[in-house]
Number of protein chains: 2
Amino acid sequence: MFTFNPAFEAPTGSPIRELFKYLTQPGMISFAGGYPASDLFDREGLDAAAARASQQPTLCLQYGPTDGLAVLKEQLAHLMARRGTPCTPQELLVTTGSQQGFDLLLRVMVAPGDVVLVEQPAYPATLQALKLQEADVVTIPVDQDGLNVDALAALLESGTPRRAPKLLYTVPTFANPTGATLSLERRMALLKLAARYRFLIVEDDPYGDLRFSGAALPSLLALSEQVPGSRDWVVHFSSLSKIVAPGLRVGWMLAHAEILRRCVVAKQTVDLCSSPWTQAIAAAYLASGALERHLPRIVEAYAVKCRTLCDALDAQLAEHIAFHRPSGGMFVWARLKGGQNATDYLRACIERNVMFVPGAAFYKDNIDPAALRLSFAAPGVADIETGVRRMKQALELI
Amino acid sequence: MFTFNPAFEAPTGSPIRELFKYLTQPGMISFAGGYPASDLFDREGLDAAAARASQQPTLCLQYGPTDGLAVLKEQLAHLMARRGTPCTPQELLVTTGSQQGFDLLLRVMVAPGDVVLVEQPAYPATLQALKLQEADVVTIPVDQDGLNVDALAALLESGTPRRAPKLLYTVPTFANPTGATLSLERRMALLKLAARYRFLIVEDDPYGDLRFSGAALPSLLALSEQVPGSRDWVVHFSSLSKIVAPGLRVGWMLAHAEILRRCVVAKQTVDLCSSPWTQAIAAAYLASGALERHLPRIVEAYAVKCRTLCDALDAQLAEHIAFHRPSGGMFVWARLKGGQNATDYLRACIERNVMFVPGAAFYKDNIDPAALRLSFAAPGVADIETGVRRMKQALELI
C-alpha cells in the first residue's frame, strides 16, 4: 500500500539484534552481544557526575548547540590529547554515539553507487548503513594484523573499482569482529595510499583504550602527521560507549573543517543536538578524572575475561576451534576447524544455553560460514568457563 | 578538495541558529528562539525522576532497544490515550526528539525528486530536511485557520504536481511559525483528501498541550478513526521538548506498522538507540504524574506571556504591525503593515537590543518579506513589555 525507497522495500534488521530473543532464555550464557559489562559501569563516578551536572539545570534541560556542549568538547579534546592526538574543541563534533557520526558522513559524502571500501569481516551496522545508502561496497580482506593493505594497494593499482573510492572504513585497533590490530607498518602504508588515491580513511576507534598487553600503537589520526598529505584524509570516530557507558549516547568525530561543517548542517535536521543532559554528565565525569581511575579497572577485568575465554577455548576446544588471542578490545574471532556451519553450531549451542554470533553477520560477500565471534566483555568469569564447556557439548550435536 | 553530495556542496545552516550570536549581546531581549522558558522547567520533578531512574543503573547505562525503552513506551501510550488517541506501546517508536522521526520517515519514504507537500510558512528544519533529501517541495498556503485545505484540494484535483505527492507536512495545532490551528472542518477535509489521493499526512504535534483558550480540537490522528480509509495515512509526531524539556531529546512517532518497522531499521544505523538514560528519566517523570501537575503551570505562564505580548503589540504598534492572537503554543506571527522588509527591521531591532525571526526563514518560495515571528515563550513578562517598546523605537530607524 505504501511506496518505500528501494533500500527499504524489504529491509532486514540487524542480524545480531535478531538474536536478542534468546538472551531471555533462563540460564543463557551469551558471548553474542558487543555490550560492555553492566557490572563494570562506574556507577559511583557517574552518579557523582550526574549530581554535578544537575547543578546546571538549564544546560542539561534546554536545547544545546548542534556541534555539542562546549564543556564536553573541551574534555574530549583533553582526552584526545592524552591519546596522542591533540586537537581543539572546534575540530570536534559530538554525535549521538559514534554510529551517528558515520551516518552523517555518509549523508554528506556518499551518493548511491559511490564506491566505499570496507574491511571484511566488518561491524554489521557499518555494512547496513552503506547498504541503506546504496553505496557500492567493495570489501578488503583482513588478517591477524588487520586490514590487508597490500591487497588494498593491488586493488587500487589495478584500477578496479572503476570509480575512485570515496572512503575506506576500518577499526584499526582491536577490531570488531576480528579483535585484530593493524600493524604500524600497515598504518603508514594505508595513510600513504589515502594521500595518493585521495580517499577518506574512516578510523573508528571505540576500543583503543582497552589494551591488555603490548605497547599502544598510534592511531591513524596521530600517524597522519608523519605522512605528507594524509592528514586531511583521516576522519576519526570515537565513543564513550565502551569505556564509560553506551547509555550516554556520546560519541564524537574529528574531520577536516569542510567535512565537519557539513556534518553539523546534516545533524541540524537529524536530531538538532544530542542530549545536552547526558553530554553534561559526560563532561562532569571526564572533568573529575574518573575515567583515568576507571579505565585500569575495566582493562584489567576485560583482560582477565579474555584470558579466561582463550584459555578455556585452548583447554576444551583446541582441536575444533582456531582463534587468535587479541591484545585488547571485546572480541575473539574464531573458526570451526572442521568447516562446520557456525549457524548450525549456534542452533546447537542455544539448546545448550550458550550463544555467540555466527560470522556470516560480518560479511557482505565471500562469507566464511565456519567463522564465529565471541565477546568476552559481558559474561562473568565463571560463566565464560561454563559457556565454553557448553560449546564443547554442543559440538556433539552437529 | 572533497567531493560532497550535491545537497551538501554549499549547505546553509539553520537561519535561526545564525541569529544565536546576537543572543549574547548584553541586555538583549529575544523573541527569536523557539525555546521553552528555562525558568519554567520542572526541576524538582525532573530531579526526582532522575533519582528514581538512577535506581536502575543498567537500564540507564546500557544500550537500549532501538524502538525505545518499554517503560517509556508504556507511559507515552498513556499520554496519547489522555490526548484522545489510545495506542499500544508497539505502535510507538521513541526518537531523539521528534526531529529525528521526520528524518527517519524521509529516509524510508522520500527519494530525490519525490513530491512532498508542506504548509507554508513552515518550520525551517522541515524545509531544510526536505531540501537535503532533494525532495520536490510544493508549498500550500496557510491562513489563520491553518493549512488552506481548499487550495490543497484544488491543487490535487488539477493534477499538479504531475507526480503524486508522497506526504504532506503540517503542524495543525498552534503551528510554528503562524500560531494557527487547523479548524475541525478542515481537519476532516484534509483526512478525506489523504485517503482519496493516498498521501501520508505528517501531523507534527509538539505544542498541542499548550492551549490557553478555547476547546481542544481532536488531532488528525484521533479524527482519522471517523474518516474511512484515512487512518493508515496519518503519521503522528510528538515530543517532550516543549512540555517537559528539550534536553531529554525524547520524541516519538506513531505510524502504520509497515512504516514504523522500516523506521526502526533506519534508526539502527542512525544512532542505534536514543539515550536510555534520558528515556528512563522521562518514563519516571511521566509515571509520577508530574506532567499533569506541571502542564497547567506552564500553560498559565505561557498564556500570560502571550497576552502580554499581544496587548503590548496592540498598545504600542497597532498602527504598524498586524497579527493574530494565537490560542496556544509559543508563537505570534506578525506582519509589518507598511510592507517594510522584516530583515531590515531586525537589524534596527538588534541595535535596540531586541530580536525576532524574519519571516523569510519560514518560506521555500513566495516569501513575504514583511512577515516576522515573535516567540513569547522564553522572555519574562517585564522583558516582553520592554521588548515591544524597543521594537517601536526601532521602527523609527528604518
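Which exposed residues does the face of α7(A) turned away from its buried side carry? That face holds A:D150 and A:E157. Here exposed means over 50% relative accessible area, buried under 20% and partly exposed in between, with a 1.4 Å probe and protein chains only. Helices (H or I, at least four residues) and strands (E, at least two) are DSSP runs numbered from the N terminus.

This is a predicted model, in which local features need pLDDT of at least 70 and side-chain atom pairs count only at pLDDT 80 or more, while totals for chains, interfaces and linings use all residues. Residues are numbered from 1 along each chain as its sequence is written, chains are lettered from A and ligands numbered from 1 in the order in which they are written, and side-chain values use heavy atoms, with hydrogens and water left out.

**Helix α7, chain A**

Select residues 149-157 of chain A; the buried residues of this helix are A:V149, A:L152, A:L155 and A:L156. Viewed down the axis, they fall within an arc of 115 degrees (taken from the directions from the helix axis to the C-beta atoms), so they line one face of the helix. These buried residues pack against β3, β4, β5, β6 and α8 of chain A, contact being heavy atoms within 4.5 Å. Just after the helix, A:G159 has a positive phi of about 80 degrees.

**The sheet**

Show the strands of chain A: an open sheet of 8, with mixed pairing, runs β2-β9-β8-β7-β6-β3-β4-β5. Two strands pair if DSSP finds at least two bridges between them. β2 (92-96) and β5 (146-147) of chain A are at the edges with a single partner strand each, so one side of each lacks a neighbour in the sheet. Select β8 (residues 234-239) and β9 (residues 250-254) of chain A, an antiparallel pair joined by 4 bridges; among the bridge partners are A:S238 and A:W252.

**Backbone stops**

Most residues other than glycine have a negative phi, and most peptide bonds are trans. Another cis bond joins A:N176 and A:P177, with omega about 10 degrees.

In chain B, pick B:E134, whose phi is positive, near 60 degrees; at 36% relative accessibility it counts as partly exposed. End at B:L272, with phi near 65 degrees and 13% relative accessibility, which counts as buried.
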